[in-house]
Amino acid sequence: MTKAEAQTQEFSERAGAHAAAGRELRQRYTVADLAVFTAEEARRFVPPGNGDPRSNVVLAWELLYRLEPELYDRLARAERLHPEVVRWLPGQVDRIAEVGAGTGRLTMELIGRGRQVVAVEPARPLRRILRRKLEAAGHGDRVRLVHGFFDQLPLPDDFADLVVACSAFTPSDGHGGDAGLAEMERVCRPGGCVAIIWPNHLDWLAARGFEYVSFPGPMSVEFGSCREAAELAEIFYPKAAGAVRQYGERNVPFEILGLNPPRDLAFKVMAG
Ligand SMILES: C[S@@+](CC[C@H](N)C(=O)[O-])C[C@H]1O[C@@H](n2cnc3c(N)ncnc32)[C@H](O)[C@@H]1O
């Protein structure tokens, strides 16, 4: 067994232990799990003095992507985007760059909207799942999947007509920030569009020239079954877990979960 294989096995055994414990995300990982990060990941994600995933939930999410990527994928599959969000994006363009592509919730929708799609994703386990999905859908050659971070995009200036991130960009330095935004804008061609889907800091983006669009209508998280709804609620929405069990349906309105639905985006058209 190679060193990399041994490490993967060790991490997946640990993931099994987390799953067996059925713990909510905030209790799922410990400081020992930070060993899964590469040096460049640790530099971005582990803030000095706040490196405990039990008190730093942003860190817990980053560990989830690396230790239990399939569990993350089950959640992302259930939290589907409002269809108008994708329809709103510029279509039939030459090149699209997506940053923080994860397991492809948005990426799969971008195929066919751009002649070339590049998906940038730092977490190797998520890239693996996305590659598997692309190949299963017969789109293995339609998307170029690359490693990279918001603040250091492996793409040339003016590369894309659309540079987009979905549920990935935040104002914090490790997850975008001003350096990450500058990179997205660098990679976007004049007259092209930078879009942040499901944005969480509207004032911050507005102060940097972004406009906002939101699409109406009821939205539910579409779990695979009632059982999955209860299981994933315990992990990701523990405060709403009782209400989810009581609701007893596979599709659970976002309001019950206490989560704003993925019905919106912030965008900026780059000066031509
Ligand atoms: C909540 S997931 C969203 C994934 C995917 N876009 C989706 O909608 O399902 C956040 C994603 O951002 C990625 N990410 C976190 N920090 C990043 C960074 N500094 N640069 C690029 N991507 C980052 C994570 O690896 C993860 O794939």
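In this predicted model, helix α5, residues 69–78, and helix α11, residues 226–236, have axes that come within 11 Å and cross at roughly 115°. Because angles of 65 to 115 degrees count as roughly perpendicular, α5 is described as roughly perpendicular to α11. The crossing of these two helices is left-handed.

The ligand is the next point to look at. It is surrounded by 21 residues, and the closest are Gly100, Glu121, Phe150, Cys166 and Gly174. Sorted by class, this shell holds eleven nonpolar, six polar and four charged residues. Two of the elements that contribute to it are helix α4, residues 57–67, and strand β1, residues 93–99, and each supplies at least two residues of the shell.

In Tyr72, an N or O atom of the side chain is 3.0 Å from an oxygen atom of the ligand. Cys166 takes part through its backbone: one of its N or O atoms there lies 2.8 Å from a nitrogen atom of the ligand. Glu121 and Cys166 are also listed among the closest residues of the shell.

How much of the ligand's accessible area does the protein cover? On its own the ligand has 590 Å² of accessible area, and the protein covers 96% of that.

Technical notes: Residues are numbered from 1 along each chain as its sequence is written. This is a predicted model: local features need pLDDT of at least 70, side-chain atom pairs count only at pLDDT 80 or more; totals for chains, interfaces and linings use all residues. Side-chain values use heavy atoms; hydrogens and water are left out. A residue is near a molecule or strand if one of its heavy atoms lies within 4 Å of it. A polar contact is a pair of N or O atoms within 3.5 Å; within protein, one must be able to donate a hydrogen and the other to accept it, and residues adjacent in sequence count only if both atoms are side-chain atoms. Accessible areas come from the Shrake-Rupley method with a 1.4 Å probe; for residues, only the protein chains shown count as cover. Helices (H or I, at least four residues) and strands (E, at least two) are DSSP runs, numbered from the N terminus. Ala, Val, Leu, Ile, Met, Phe, Trp, Tyr, Cys and Pro count as nonpolar, Asp, Glu, Lys and Arg as charged, and the others, Gly among them, as polar. Axes are lines fitted to C-alpha atoms, for helices over the stretch in contact, and angles run from 0 to 180 degrees between N-to-C directions. Angles under 35 degrees count as roughly parallel, over 145 as roughly antiparallel, 65 to 115 as roughly perpendicular and the rest as oblique. A crossing is left-handed if the near helix is turned anticlockwise from the far one by less than a right angle, and right-handed if clockwise.
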